[in-house]
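Here is a short briefing on one structure. Look at the sequence and the fold, then read the points below.

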Amino acid sequence: MPFPPLPKEDLEHVLTHTRPDWEQLRSGRIFVTGATGFFGAWLLETFAHANFSLNLGASLIGLSRDPAAFYAKVPHLAGESSITLHRGDVRDFEFPEGAFTHVIHAGTTSSAPVPPAQMLDTIIHGTRHTLDFAVASKAKRFLFVSSGAVYGKQPPDITHIPETYMGAPDPMDPNSAYGEGKRIGELLCSIAHREHGLETTIARCFAFVGPHLPLDAHFAIGNFIRDAMRGESITVKDGIPYRSYLYAADLAIWLWTILFKGEACRPYNVGSDQEITISQLAETVASHFEGSVPPSTSQPINVLTSTPSRYVPSTELAQSELSLSQKVGLQESIRRMAGWYSRN
């Protein structure tokens, strides 16, 4: 089923808070991997809106394994003359011809159930190949979409994990493949900067909410909104972990800003610093739907003996250096996401 365009208020929201920075892309060319995923859909549509509104004369080429499937999902982008999809796999795609000014590497496998070895291979080889392309195409700026998973398990005594935390995933745990892959990806970016002068910026992304977020993957908030929209009870397996959620339009602002203005090889956490437990999240989602069934916990947890896990970033660096902040609150984010999906 095709998805509707992003809400006009979201497109204008992104443009309002990034307007001066788009001058970097005037008559420019940008290449985006992961162009057909959650992040990619927002990057492509906000680019198209800014390009048209500001008459930038820029163009974007997005990498996709299946362009026809993407256009079937978002047919309103099929007629967008400033966007072209380039068929290929992130690990070995043929380099598009010509020079590019900017590259965003957002290709990943985080929402796909793939074996750990395949995930690690995709992240490492995909990042190296995309960096090689950026150098060959003489791009000046490069954005690597990394992850808060690079920190490993967040210590219970750190409520908001900063970029200076030197923890790491457990290398003996196959489930660490995603985080370890992103760590190596960041290292490859640093090497490319030192050897080639490529201005590699890094966004360590946490958790998000908004249109295009899958409703049937491992994202709790997506599953909760899906169940509430169906009038079903929200099932909470473990309600005590802490998470935080940044709205996708704010995410787009942060990603574009880091690409345009972030300091090379300085990772910036990207996310909300407003923590909430999973139980509270389920209750918040349920409260937005009239007649919603109250959430239920399938596996009772002894909160007196359990230490809540946390996945909450400190965003002080992004705030102080790039003047970034969360502008759309969680309740409004839920309203907008549910409203967008209800238009399908």
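**A bridge, a sheet and a helix pair**

Arg-243 has Tyr-311 in S14 as its bridge partner. The model is predicted: local features need pLDDT of at least 70, side-chain atom pairs count only at pLDDT 80 or more, and totals for chains, interfaces and linings use all residues. Residues are numbered from 1 along each chain as its sequence is written, and side-chain values use heavy atoms, with hydrogens and water left out.

**Sheet**
- S9 (residues 242-243) and S14 run parallel, joined by 2 bridges. Strands (E, at least two residues) and helices (H or I, at least four) are DSSP runs, numbered from the N terminus.
- The open sheet has 3 strands in the order S12-S9-S14, with mixed pairing. Pairing requires at least two DSSP bridges between two strands.
- S12 (276-277) and S14 (310-311) are the edge strands, each pairing on one side only.

**Helix pair**
- The axes of H1 (residues 8-16) and H2 (residues 38-53) come within 10 Å and cross at roughly 70 degrees. Axes are lines fitted to C-alpha atoms, for helices over the stretch in contact, and angles run from 0 to 180 degrees between N-to-C directions.
- H1 is therefore roughly perpendicular to H2 (65 to 115 degrees).

**Burial of H1**
- Asp-10, Leu-11, His-13, Val-14 and Leu-15 are the buried residues of H1 (under 20% relative accessible area, 1.4 Å probe, protein chains only).
- Their cover includes H2, S10 (246-247), H7 (248-261) and H10 (330-342).

Key: Parallel < 35°, antiparallel > 145°, perpendicular 65-115°, else oblique. Buried < 20%, exposed > 50% of the residue type's maximum accessible area, 1.4 Å probe, protein only. Contact = heavy atoms within 4.5 Å.
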